[in-house]
Amino acid sequence: MTNPDLDRIAIPPGISPDLARLLAAQGEQEARKTALRPMNKEALFDGLLHVGIAYVTVTFDGSGDSGQIEDIDARNSADETVPIPPAQIVLAGIDWQSQEVAERRLSLEQAIEEMAYDFLSDTHGGWENNDGANGEFCFDARARTIHLDFNERFTSSELYTHDF
């Protein structure tokens, strides 16, 4: 299987063949993982609606080389907070050993966390490093959308030098 996006990446001259193969394999694995995302989103949205959850808000915060999900708030269609039941859904992933597609049975809460961490890694890798970032996901099962508000923190310094 070839990845057209990877074919467009210019491999720098002088790169070792082993590193080139590693980069190609990594790109292919990412493409396969990304291809599973629509199916996994549909499974999550179906599972949430099945248990009466209209949307879920996930807040996260990270800095100093660590980060975590702070809270998962589930709401029904009347906008009332509801507990996430222990219902399970099946998500597809890439097995790290065989590199084959494998199904995994996860609780709804585990699936929400895993998808949030995956989206953070894909869109803002390193969100937990240095000054870090915080934000919020909204998993809207009715609209079948996932929205991310991301706030990156950083320290700024400005140096002015004057000779008179």
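**Exercise 1.** Of the contacts in the protein with a separation of 6 or more, what percentage joins residues 24 or more positions apart?

*Solution.* Start with the term: contact means heavy atoms within 4.5 Å. Residues 24 or more positions apart account for 57% of these contacts.

A note on the source: this is a predicted model, where local features need pLDDT of at least 70, side-chain atom pairs count only at pLDDT 80 or more, and totals for chains, interfaces and linings use all residues. Residues are numbered from 1 along each chain as its sequence is written, and side-chain values use heavy atoms, without hydrogens and water.

**Exercise 2.** List the order of the elements, then judge the spread.

*Solution.* Step one: helices (H or I, at least four residues) and strands (E, at least two) are DSSP runs, numbered from the N terminus. The protein has three helices and seven strands. From the N terminus, the order is α-α-β-β-β-β-β-α-β-β.
Step two: the radius of gyration (over C-alpha atoms) is 20 Å.

**Exercise 3.** Describe the largest nonpolar core.

*Solution.* Such a core is a set of buried (under 20% relative accessible area, 1.4 Å probe, protein chains only) Ala, Val, Leu, Ile, Met, Phe, Trp, Tyr and Cys residues joined through side-chain atoms within 4.5 Å. The largest has 26 residues. Leu 44, Ile 112 and Phe 139 are among those touching the most other members. Elements giving two or more residues include helix H2 (17-50) and helix H3 (108-123). H3 gives the most, seven.

Key: Buried < 20%, exposed > 50% of the residue type's maximum accessible area, 1.4 Å probe, protein only. Rg over C-alpha atoms; globule rule 2.2 N^0.38 Å.
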